[in-house]
Structure formats: structure tokens, C-alpha cells
Amino acid sequence: MKAARVLVAADKFKGSLTAVQVAERVTAGLRSIAPEVAVETLPVADGGDGTVAAAVAAGFERREARVTGPLGDPVTAAYALRDTTAVVEMAEASGLQHLPDGVFAPLTATTYGSGELLLAALEAGARTIVFGVGGSATTDGGAGMLSALGARFLDADGKPVGPGGGGLAALASADLSGLDPRLTGVDLILASDVDNPLTGPKGAPEVYGRQKGATEEDIAVLDAALAHYASVLGPDHADLPGAGAAGGIGYGALAALGARFRPGIEVMLDVLGFAPALARATLVITGEGSLDEQTLHGKAPAGVAAAARAAGIEVVAVCGRLALPPEALGRAGIRRAYALTELEPDPAVCMAEAGPLLERAAESIARDFLR
């Protein structure tokens, strides 16, 4: 019989623990009950915030660059590099975390810094770039990103349009001839956990605009501006899966940079070396802050569970909050989920004490599966 070997491959608990901290706490809980068990950790991410941290935990080198934040102020953004493969996370440059509390700029926030971050990866010698998109403060269709890479977006007077999605309403012409020529030699992979189109009832402004501070009027303005932008840049890519990711930056990458879309968790499992780690495991522990309907649509735990089930390896999950019935977990390939709210029903206390509670949950897993 194969000796027990646990693979901890969980995402972050947003607002409480990073993916690395989740792995540390789960490992501590397991070993307090089963000190002899072999535990391997592989923090995972699905392309959204935390993607660079997961790559660094897997052995990539962390690099930093000063870039333009979503409001136009300079920010420090990180990316990850190993050999000629870079992992670039757009939220590092253009994410909601760069907005002051209560400050939003739905019409003018720019992805210019994301383009600068891609340039930094090019300068470092990257030939394959995994571009994780999610958690953006922006809805500019990637126009800011493309501008940083050398594109020009001009109004009827031949002047650059204003920043953000709102400025695209005045767009008269798009000139892509100045795009950095090194981009043609790069395999750019658009890694996202959403497959929304650019515009319409399931598009970027309507589905994600409110969380970026957009009013109903702003959403209408942005949807019309992005539709106009796509009519100028080329409408063929506007309805492709991922075009609406991160305020439409997916569209810009697909339409102008030749990017190819792949579900973020699939890409990241490849990049992080999940398959060989899985082959060594007898039990997989995955998880994230909230296991809910969204989890089933491309989030990290679903991707981990699907891969483990295909390999015939049992999967359990840890989470802060569980909003899925057992049958839905079973269909996703998860045998059982351990929620912190079962140990501490007060959500505020649960988030504040997530680390110790997670260790207790892992102790229960050890008793149930390793004894």
C-alpha cells in the first residue's frame, strides 16, 4: 500500500490568508495529528490576484517594476520569471487594491501600467507570458495597456483620447503600427477564470462595473464606449471567451496582441508543475475562501479537483464559507468540505481567526482521512 502523501493545493482565503499561509496552516494542522505524514504544498491561483505569489512559491523569481497605477499615480508591481517564462498579473498594476478606500474611477481608470508590466517582462527576456487577468479597477478594454505597448488611440482631431473606458467614446482611429515588435515573438496566454464577452448583458461593464464603482449611467456609457472601441479596433474578438475579463483587457489582448485564451487554473496548474506533484499524492486538499456556485465555474478548487479526479486521487476541501450542497461538491470531484464557519459561526471572528481555525479544520481532515 502506498504510504500516505498529502498534496495541499489551495487558493487564498481572500481578506484573511494568502495561498501560502493556507498551505502552512493546513500542514501544521495535519502534522499535529499525524506527524509522520508526508505533506507537499503547491499554492495555486486561477489568474486573478495571488497568481504571482503562487508562481513565486513554486520557484519563480519575483521581479518588481514601477508602473502607472489605475488612477495615473506610480505604483510598484511584481511579476514572476523562470527561464523565459513570465507570469504577469494585471491586478498588480491595475487592480482594485491600488485604489484608496472608497475611491473609484470607473470611467477613467487605466490599464496603462499593465502594459508597462508586460514590457518589463519582455525586457527581462520572457518568450512565454502567462497574463493573469482579474481583480481590475478598470473598464477600458485594454486600451491603456495597448497604449503603453506602442498603440495610439486618436480622436477626430488626431489627439489621444482620454484615459479609461469613458475616453473611448471619442475614438476615431486606432493605430497599432507602433506596437513593440518583440510581441510578435511571444506566446501570450490570457489566463482568466471568466469567459464573458466584451459588451452586452453578460459583458464587462454590466457584470463587473458596479464592483468598480460604476453607476447605472456609467455602465451604459462604458458599454456603448467599448462597443464603439471594438467597432474601430475590430469586432471579431469581442464575443470570444475571455474578451470581457478584467474590464475588457482580455479583448485588447486577443484582438491586438494575438493572445490565446485558456482557463486560468488550467494554465497555472501547468506552469506550477501540478501534474508531477499530483502523481506523488494519495490525498489532495484544495480550497478557497468561499466554496459557492462561482467555484464550479473555473475557480481554482474546481480545477484542482477535476485534475485529481481524472487521476483517481481523492480530494477534500477547506473553505471559510460553504455554500454548496454535498451533491454539488461530489459532482465537482470533492469528497467533503471543511468550513471554518462550522467552527466559528460569526463571520467577522472567522475571518480574524482564520489561521487557527484552519489548523483545527486540518486536524479534522487528519482524523478522518489519515487515521
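1. Helix 2 gives the largest share of the lining of the second largest pocket, 4 residues. Helices here are DSSP runs of H or I with at least four residues, strands are runs of E with at least two, and both are numbered from the N terminus. The model is predicted: local features need pLDDT of at least 70 and side-chain atom pairs pLDDT 80 or more, while totals for chains, interfaces and linings use all residues. Residues are numbered from 1 along each chain as its sequence is written, and side-chain values use heavy atoms, without hydrogens and water.

2. The second largest pocket holds about 230 Å³ of space. Among its 19 lining residues, Lys12, Thr18, Ala19, Asp49 and Gly50 are the closest to the centre. A pocket is an open set of points on a 1 Å grid over the protein atoms alone, where a 1.4 Å probe fits, with protein on both sides within 12 Å along at least five of seven lines; lining residues have an atom within 4 Å of a point. Helix 1 (19-33) and helix 2 (51-57) each supply at least two lining residues.

3. The largest pocket has a volume of about 1,000 Å³, the space filled by probe spheres set on grid points joined across faces, edges and corners. Of its 39 lining residues, Lys12, Lys14, Glu288, Gln294 and Lys299 are the closest to the centre. Helix 9 (245-257), strand 11 (283-291), strand 12 (314-322) and helix 14 (347-352) each contribute at least two residues to this lining.

4. The whole structure contains 0 disulfides, a disulfide being a pair of cysteine sulfur atoms within 2.5 Å. For Cys319, the nearest cysteine sulfur is that of Cys350, 9.1 Å away.
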